[in-house]
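Please brief me on this structure. I am new to it and would like the main points in short form.

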Amino acid sequence: MTSLTNSLQKELDAFMSGLVRRNPGEREFHQAVFEVAECLIPFIEDHKKYKDAAILERLTEPDRVIMFRVTWEDDAGNIRADRAYRVQFNNSIGPYKGGMRFHPSVNLGILKFLGFEQTFKNSLTGLPIGGAKGGANFNPKGKSDREVMRFCQSLMVELHRHIGEDTDVPAGDIGVGAREISYMFGQYKRMENRFTGILTGKGLSFGGSLVRREATGYGAVYFTEDMLERAGEGFAGKTCVVSGSGNVALYCIEKLGLMGAKPVTASDSGGFVYDPDGIVGEKLEWLKELKEVRRGRVQEYAEHFGCEFHAGERPWAVPCELAFPCATQNELSGKDAQLLVDNGLIAIAEGANMPTDADGVEVFLDNKILYAPGKAANAGGVAVSGLEQSQNSLRISWSRGEVDARLRTIMREIHHQCVRYGNGKDNYVNYVKGANIGGFVKVADAMLAYGAV
Ligand code: NDP
């Protein structure tokens, strides 16, 4: 991606081989660190203070990892045991903050990659929040509400010792939405006998913030608006391809429609739907009800509205000007990226974390596509979580308009930082470099100030 001098390339190789040796088998963590180290090693070379203090080495080692068993009883009376984690990555600029993911694929390497990325993302928001991530290999799909409740309560029996409003404030992620957050919050409150802003993404009647649900998807669209504006472009009439149909994807689709663009796809692990007339208005409301209330599959959308369903496929072959991967990591390969570019892609913003693999990133950058990596484009979610913490501390609630305006400002500021550190001689902004350096500086300066801790 970046052409490095021989000596910097050697430094990067040595750094990465040490990291791989110390963290065997953690493929996604290696991938996330490589992408950051490739940008940071030349920057650190020009700023020796960071090198002398071994900031990059320290920043790639989590502060601590907590791993524990969650035992619970299913509806048939069987005893079940799952494995849960909390990776507290870095709290240099504020209390740990990051989501909890419930998915059978969850393992330590995936949570370390997410916690590492979260540290940079949280710094980019400008808010005082450190980086963390957690989750469990529990699969909420197909479980009854009562089973999910018992799992969440059991998980919190252990997790409650490690979190706190000034220590670590978890939120949602894949498989953890309003229902799961509510069960975990209720259990924490019961155990601690304190009503405090310990989780974000809470219900509106017990400390949640307006616009939190929409924030990640809306934020990705706001960031894209800034990229397009800088390039003299806008949303009107542009065809958009979106993957996923969860929290991030649904509100990304919603905002795209409101901006005058045409979102034509949505997906889940079963495949994708293609609606050439656009997933807007009543059709979007139907999809939201399907996914958020009935917990159905996108295939049902295709059956209901009579459009195409592509089983087992991802939507990247659909021609579009704008793309929004909003499902999961490594869902867009180099081949997919090339197809998107050949079909006329102008810009891509990652609602998901690391959805594009390393080959895909290279294709986008080589072709000078406006490419917003997740740590910048999807920072709106954690930003509004930070605003939820502020409202909880102040014991007030801001209006929808106020929170949305703050989100808009934060996304614009993140865009500024990316341009500041990522703008090249040809005026093409490498948003990967911009986000990595922009996120790094504040955390690194705090670590320098603390000395050797
Ligand atoms: P949800 O659980 O609400 O939705 C996830 C969506 O992605 C579902 O449609 C799901 O389909 C699909 N999906 C998940 N795993 C896979 C897979 N392996 N293959 C195909 N499809 C898959 O999660 P969110 O919308 O909250 O999160 C989506 C992404 O956004 C994640 O990368 C997350 O880390 C990131 N993110 C989320 C934030 C938030 O505020 N929620 C904030 C910042 C980033 P199915 O139901 O079939 O599994």
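Predicted model: local features only at pLDDT ≥ 70, side-chain atom pairs only at ≥ 80, totals over all residues.

Residues are numbered from 1 along each chain as its sequence is written, and side-chain values use heavy atoms, with hydrogens and water left out.

The chain is assigned domain 1 (6-59), domain 2 (64-194) and domain 3 (215-377). These bounds come from an automatic or database domain assignment.

**Where domain 2 meets domain 3**

- The C-alpha centres of domain 2 and domain 3 are 27 Å apart.
- In domain 2, 13 residues are in contact with eleven residues of domain 3; contact means heavy atoms within 4.5 Å.
- Domain 2 and domain 3 bury about 990 Å² between them, with 48% of it on carbon and sulfur atoms. Buried area is the accessible area (1.4 Å probe) that two parts lose on being put together, summed over both.
- F113, E117 and K121 lose the most area on the domain 2 side, together 45% of what that side buries.
- One salt bridge is counted between domain 2 and domain 3. The term means a side-chain nitrogen of Lys or Arg within 4 Å of a carboxyl oxygen of Asp or Glu.
- E117 forms a salt bridge with K375, and their closest N and O atoms are 3.2 Å apart.
- Helix α5 (residues 108-124) gives the largest share of the domain 2 side that touches domain 3, namely seven residues. Helices (H or I, at least four residues) and strands (E, at least two) are DSSP runs, numbered from the N terminus.

**The five-stranded sheet**

- This open sheet has the order β1-β2-β4-β3-β5, with mixed pairing. Two strands pair if DSSP finds at least two bridges between them.
- β1 (64-73) and β5 (168-171) are the edge strands, each with a single partner, so one side of each has no neighbour in the sheet.
- The twist averages 20 degrees from one strand to the next. Axes are lines fitted to C-alpha atoms, for helices over the stretch in contact, and angles run from 0 to 180 degrees between N-to-C directions.
- β1 and β2 pair in the antiparallel sense over ten bridges. R69 has R83 in β2 as its bridge partner.
- β1 and β2 also form a hairpin with five residues between them, and G77 in the turn has a positive phi of about 85 degrees.
- β2 runs antiparallel to β4, joined by six bridges. R86 is opposite G134 in β4.
- Strand β3 (residues 96-102) and strand β4 (residues 130-136) are parallel, with five bridges. K97 has G131 in β4 as its bridge partner.

**Salt bridges across the structure**

- The whole structure holds 33 salt bridges.
- One of them joins the side chains of D168 and R86 at 2.7 Å, N to O.
- This pair links distant parts of the chain: D168 lies in strand β5 and R86 in strand β2 (residues 79-90), 82 residues apart.

**The three-stranded sheet**

- A second open sheet has the order β8-β9-β10, with antiparallel pairing.
- β8 (265-268) and β10 (308-311) stand at the edges with a single partner strand each, so one side of each lacks a neighbour in the sheet.
- β8 pairs with strand β9 (residues 271-274) over four bridges, in the antiparallel sense. D268 is opposite G271 in β9.
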